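User: Please take a close look at a single part of this model, the place where its two chains meet, and give the cut-offs behind each term you use.

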Amino acid sequence: MTSPSPPAARPAAARTTALFTAVLLVSTCGLVYELAAGALASYVLGDSVTQFSLVIGLYLSAMGLGAWLSRWIDGQLARRFVDLELAVALVGGFSAPLLFLTFGRVAHFRPVLFALVVLVGTLVGLEIPLFLRILRQRLEFKELVAKVLSVDYLGALVGSLLFPLLLVPRLGLVRTSLAIGLVNALVGLWTTWLLAEEIRGLPWVRARCGAVVVLLLLGLAGADRLTSLGEEALFSDPIIYSRQSAYQRIVVTAGRGSFQLFLDGNLQFSSLDEYRYHEALVHPAFAAAGRREEVLVLGGGDGLAVREVLRHPEVRRVTLVDIDPAMTALAVDVPMVRQLNGGALLDPRVQVVNEDAMAWLAALPPGRRFDVVVVDFPDPNTFSVGKLYTTRFYRLLHDHLAPEGAAAIQSTSPLLARTSFWCIATTLERAGLFVRPYHAAVPSFGEWGFSLVRRVPFAVPSGLLPGLRYLSDAVLPGLFEFGPDLSRVPAEVNRLDNQILVHYYEAEWRRLE
Amino acid sequence: MTRLSRRELLLTFLGPLVAAGCRSGRAPALPFEGTVAGADDGLGHRLRQAAGPEPARSSRAEVVVVGGGLAGLSAAWRLSRAGLEDYRVLELGAAPGGTSVGGTGPVTAFPWGAHYLPCPQPHARAVELLAEELGAARRGSDGRLVFDEAQLCRAPQERVFVGDRWYEGLYPRAGATARDREELELFQAEVRRLCALRDARGRRAFAVPMAHGSDDADLTALDRISMAEWLETRGLRGERIRWFVEYGCRDDYGLGLADTSAWAALHYHASRTDDGGPDDLLTWPEGNARIVAHLARRAGPRLATGALVTSVRPLARGAEVVVAPAGGGPAERITAGQVVLAVPRTVAARLLPHPRLQAEARAFEAGAWLVANLGLRRRPRSRGFPEAWDNVLHGSRSLGYVVATHQVDRHGGPPGATVWTWYLSLTARDAGEAHRWLLGLSWREAAELVVADLRRAHPDIEQCIERLDVWRWGHAMIRPRPGFVFGPLRRGAAEPLGDVHFAHTDLSGLPLAEEAQWHGIRAAEEILARRRVRTDSLL
Ligand SMILES: Cc1cc2nc3c(=O)[nH]c(=O)nc-3n(C[C@H](O)[C@H](O)[C@H](O)COP(=O)(O)OP(=O)(O)OC[C@H]3O[C@@H](n4cnc5c(N)ncnc54)[C@H](O)[C@@H]3O)c2cc1C
């Protein structure tokens, strides 16, 4: 190694500062990887405290492993350091996109996650020891340790602030990890100038740095295919799952100890209070029905309504019809969703049909009747969903409801979309059904509405399944009372050839925006 | 025709706006395939050729119906209903239907011509009956028809592309000025007035079938002026109202404003409802081929396809029909008590070269149409209001496209696949020239027209097309130019010649399913009357 020439004395000081800046950057990056993995694990695997601690623990011990392994790295330290940065950049940078892609696609997500955590942790663990050795000749030992470690902890502070305040809200998880990888790669490239004289084969090393930078930039550009920046900005929590199925965009976001499912940007449930929604959707119909053996669930591919249905011991068969195979797959394959629905779709009593509900009902043999029907479609904000709220659809529903049966229909919010809500009731009546509208408070939705229908006139039901979290026989009658701000307003009948409901709905939600 | 450059092609067929978007130079190869077909291209030639040797076989039938379009099939339907079962229907095409023919594919069936039937008013008894037979309607407790929601055209029915996005409805409201809206309002008020108007005999001003409407002189006088003149006298000069009204003329008659009879143009707007509101209509993936299939089933084995009639000769009593296999082969002579000639007037005059028919044939002018069916593997990008059944491009001379899967919840392809049927009526004043343009058009040129037209609204359309098939209708439909509908030649054209009776939508001067049906039934009832079969008229 050549020693620095005398005129470089002042530049040498500047260079040391530059090297410490690099340490700062590197340790910031290291912490961000750690947080990203911890966040992902707690979001995706549920049970956030355990998962978070587990990942952090794993990551820290992997760092220890890296530090220990650093003893076997000898000679050409500067060049090794650059290579290390490139490795961190690649593995760390692509970790989130990789997890994002495997999540929901592979059966064993956990091993993939843990393997990545260990790998990144080990690589990051190598960084500081190598750096200490590179700087060994330049500084006195006590000063070296004091400075490097304090800068390292400072970097941790920077990372822990940037991650929740800037990176995730602005970029989302996937871009955060790629961007941080890019920082690592750039630090590597920068090092080839800072320690130029210590690196042999400079052009080749720089070319490699360049290649990694390009790869990460490509990754950033390609990240749009997973989630667009616009989409990230739409949601208040980071997106951890997002797929464009043939029918809709499915997005799961997570944060603050809960997760949410969105279809085409509309909230379907939040794990915090979905039990209120699904109890209200399912149990009143069970209380109203004369028999409870044959059950039909239309929509609701997330399996949460089916979970409530399966709590009734009399149920012999549940048919779930959801057009989107990606939704019913999500309910089975994504651990956090499967945990929430209790593996409902794997129950032997449940048969899953991926078909258009209207086409499926129309093709059903005339005699096929169901004791309880749960209709859980997204809100009628497009014509293709709006058709599932028409007289045509409700006549089919009527024809396949057992004479003693009962059905419940999610009917949007009577508070926020009052005319829409009453349009659904009016349409059900036109289809020959007897309707009892009701509503429930679901904090993440607001005041939510349902329609309970039967083929015969009926009273407000009682005799709910005991042991529910939200509903009881005492509170149920109140759900059927509508105060002045919710009470009935006149509305036209929604038909296939007018789809008036979509227009009502659009007008009412636009007013709110 | 001399070869046109791509630009000229677009300019000629689709107009300046579409041509302006055309990249100059040779176009790259299209990433899909297709076929080009045409119905009546060589008919005249084939008729001359077929007038050869004496027929080898001869047979008898009480009635022979020439032409298995909606008119001919309706005549057969009416005969069957009256118990007259010894008839034959001779249809040239490989399938029945004529201009109401449809096609099938792996994803869905689709129309090649007529694609909808407006819900009939109660006075249109035969159309009501047909709707009931189709299972599209049933009689409610109040005696009025209740139409099947699944067969009524679903919402959204129409959208229009203006500027860079789609908007709901057909009238281009986006960017309309106060004056534009005022003009629309004025026009609609006039339509409402005409809808509500009843003559001294209590008849509507305009009705479908038109025989149920008024023939008061002040109304028929509208036939003597063009729609352009009518708009002018009412001070409706804005581009938007003129586009909107002209769209109706192009869509229903294949004519521009200056060439459409004002009576015919107003008939389109004021004949279906009592209040001028949007009319309900019935439609199916295959369009009116649904009706054809139903009627053809009723005719059963009495309907022969691939049967080219080469001459019809009235006898002292009865008439004689010569028919040959369309693909060549020995001819057959059929002697019939009565014949229904359910073909366009120009064809009728060829088969039966009577001076009256020949004079009429010169006055009956048919327009040329280009129709394309686009098999899409997925939907292309589209901005603004979502896909409707009928999708119209403001600023293009095409009529836009209808979506074959609009009425179905499940079809044979992957989720986004469908078939779009794209229509273009050649409104050139000289029908002969338009006809020649059309026949000179290759598949590739036609496909390029379609793609250039749709690219404005759907930039990635080319990548979405699995295949694109083209049909050139040389003589697509009768053109109600000023003076035609209430002119003497049209009014006398339905009169029988001896035992030869006439049916076809041409005879109304309006190309409509209901008119075709009306004339078919009328001709059949004339025959039933001659045969003294006692039956109440369905008209
Ligand atoms: C592109 C297009 C779109 C249309 N859209 C609509 C619509 O949406 N709604 C509507 O109401 N109307 C529409 N029409 C009008 C349509 O023409 C009528 O609705 C109706 O189909 C006319 O039926 P027709 O039987 O009177 O005539 P045609 O359909 O012309 O039937 C005549 C038949 O005679 C046959 N023929 C001719 N010569 C011979 C021969 N020598 N020997 C044997 N057979 C012969 C022909 O093959 C044909 O089948 C459309 C027409 C076209 C071309």
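Analyst: What follows describes the contact between the chains and then turns to a few backbone features. This is a predicted model, in which local features need pLDDT of at least 70 and side-chain atom pairs count only at pLDDT 80 or more, while totals for chains, interfaces and linings use all residues. Residues are numbered from 1 along each chain as its sequence is written, chains are lettered from A and ligands numbered from 1 in the order in which they are written, and side-chain values use heavy atoms, with hydrogens and water left out.

The contact (heavy atoms within 4.5 Å) draws 20 residues from chain A and 14 residues from chain B. Between them the two chains bury about 1400 Å², with 54% of that area on carbon and sulfur atoms; buried area here is the accessible area, taken with a 1.4 Å probe, that two parts lose on being put together, summed over both. On the side of chain A, the residues that lose the most area to chain B are A:Phe383, A:Leu496 and A:Asp497, which together account for 40% of what that side buries.

As for specific pairings, the rule finds 3 salt bridges across the interface, a salt bridge being a side-chain nitrogen of Lys or Arg within 4 Å of a carboxyl oxygen of Asp or Glu. One of the salt bridges in the model joins the side chains of A:Arg395 and B:Glu149, at 3.7 Å from N to O.

Helix H13 (357–363) and helix H15 (391–399) of chain A each supply at least two residues of the side that touches chain B, helices being DSSP runs of H or I with at least four residues and strands runs of E with at least two, numbered from the N terminus. That side of chain A divides into 7 nonpolar, 6 polar and 7 charged residues, where Ala, Val, Leu, Ile, Met, Phe, Trp, Tyr, Cys and Pro count as nonpolar, Asp, Glu, Lys and Arg as charged, and the others, Gly among them, as polar.

In chain B, a cis peptide bond with omega of about -5° joins B:Ala155 and B:Pro156, and B:Pro156 sits in the loop between strand E8 (145–147) and strand E9 (158–162).
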